[in-house]
Amino acid sequence: KPFFKLASGGEGFPCGHITQIIGEPDSGKTTLMMEGMVACQKLGGVAYLIDSEHKFSLPRFALMGGIVEDINIHV
């Protein structure tokens with residue numbers, strides 16, 4: 001999506017690598033991350049999430065088109 005390319009500065013997250021998203025509060029980090037996870041799932045990939053703050057919203061992820069049952073969450 002154009003938003004993803006603009007926000008990430010490239011075509012997307014590199015496959016098979018860990019990506020850390022940092023930035024100011026309310027700058028779209030969570031939206032960017034969820035968009036990437038949804039895109040990964042749609043391409044048949046597996047999304048892993050390390051949620052160090054226990055704030056990941058499964059309902060929001062589902063609303064964005066993500067398949068909640070198919071993500072691996074580590075807290």
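I take buried to mean under 20% relative accessible area, exposed over 50%, and partly exposed in between, with a 1.4 Å probe and protein chains only. By that scale I looked up G16 and found it exposed, with a relative accessible area of 79%.

Before going on I noted that this is a predicted model, in which local features need pLDDT of at least 70 and side-chain atom pairs count only at pLDDT 80 or more, while totals for chains, interfaces and linings use all residues. Residues are numbered from 1 along each chain as its sequence is written, and side-chain values use heavy atoms, with hydrogens and water left out.

**Entry 1, helix α2**

I name helices (H or I, at least four residues) and strands (E, at least two) as DSSP runs, numbered from the N terminus. I checked the length of α2 first: its 14 residues should span 20 Å at 1.5 Å a residue, and its end C-alpha atoms are 20 Å apart, which agrees. The expected span here is 1.5 Å times one less than the number of residues in the helix.

I then asked which residues of α2 are buried. They are L32, M33, M34, E35, G36, M37, V38 and Q41. I kept in mind that an α-helix has 3.6 residues a turn, so residues three or four places apart point the same way. After the helix comes G44, whose phi is positive, near 90°.

For a nonpolar core I use a set of buried Ala, Val, Leu, Ile, Met, Phe, Trp, Tyr and Cys residues joined through side-chain atoms within 4.5 Å. The largest such core holds nine residues, namely M33, M34, M37, V38, A47, L49, F56, F61 and I71. Helix α2 (residues 29-42) gives the most to this core, with four residues.

I looked at M37 in particular, which lies in helix α2 and is buried, with a relative accessible area of 7%. Contact here means heavy atoms within 4.5 Å. Not counting residues up to four places away in sequence, M37 touches A47, L49, F56, F61 and I71. I also took the distance from M37 to Y48, which are 11 residues apart along the chain, and found their C-alpha atoms separated by 8.4 Å.

Is Q41 buried or exposed? Q41 counts as buried because its relative accessible area is 12%, and its place is in helix α2. Leaving aside neighbours within four places in sequence, I found Q41 in contact with F61, G66, I67, D70 and I71.

My search ran on a 1 Å grid over the protein atoms alone, where a pocket is an open set of points at which a 1.4 Å probe fits, with protein on both sides within 12 Å along at least five of seven lines, and lining residues have an atom within 4 Å of a point. Grid points are joined across faces, edges and corners, and a volume is the space filled by probe spheres set on the points.

About 1,600 Å³ of space lies in the largest pocket. Of the 42 residues that line this pocket, the closest to its centre are T19, I21, M33, M37 and Y48. The elements giving two or more residues to the lining are α1 (2-8), α2 and β1 (48-50), and the largest share, 11 residues, comes from α2.

Between α1 and α2 I looked up G16, Q20 and D26. G16 and M37 are 21 residues apart in sequence and 13 Å apart in space, C-alpha to C-alpha. Q20 is exposed, with a relative accessible area of 68%, and its C-alpha atom is separated by 20 Å from that of R60, 40 residues apart along the chain. D26 has a positive phi of about 60° although it is not a glycine, and at 84% relative accessibility D26 counts as exposed.

In the loop between α2 and β1 I found L43, which is exposed, with a relative accessible area of 77%. The C-alpha atoms of L43 and G66, 23 residues apart along the chain, are separated by 12 Å.

Where is H54? H54 lies in the loop between β1 and α3 (58-63). Its phi is near 55°, a positive value in a residue other than glycine, and H54 counts as exposed at 55% relative accessibility.
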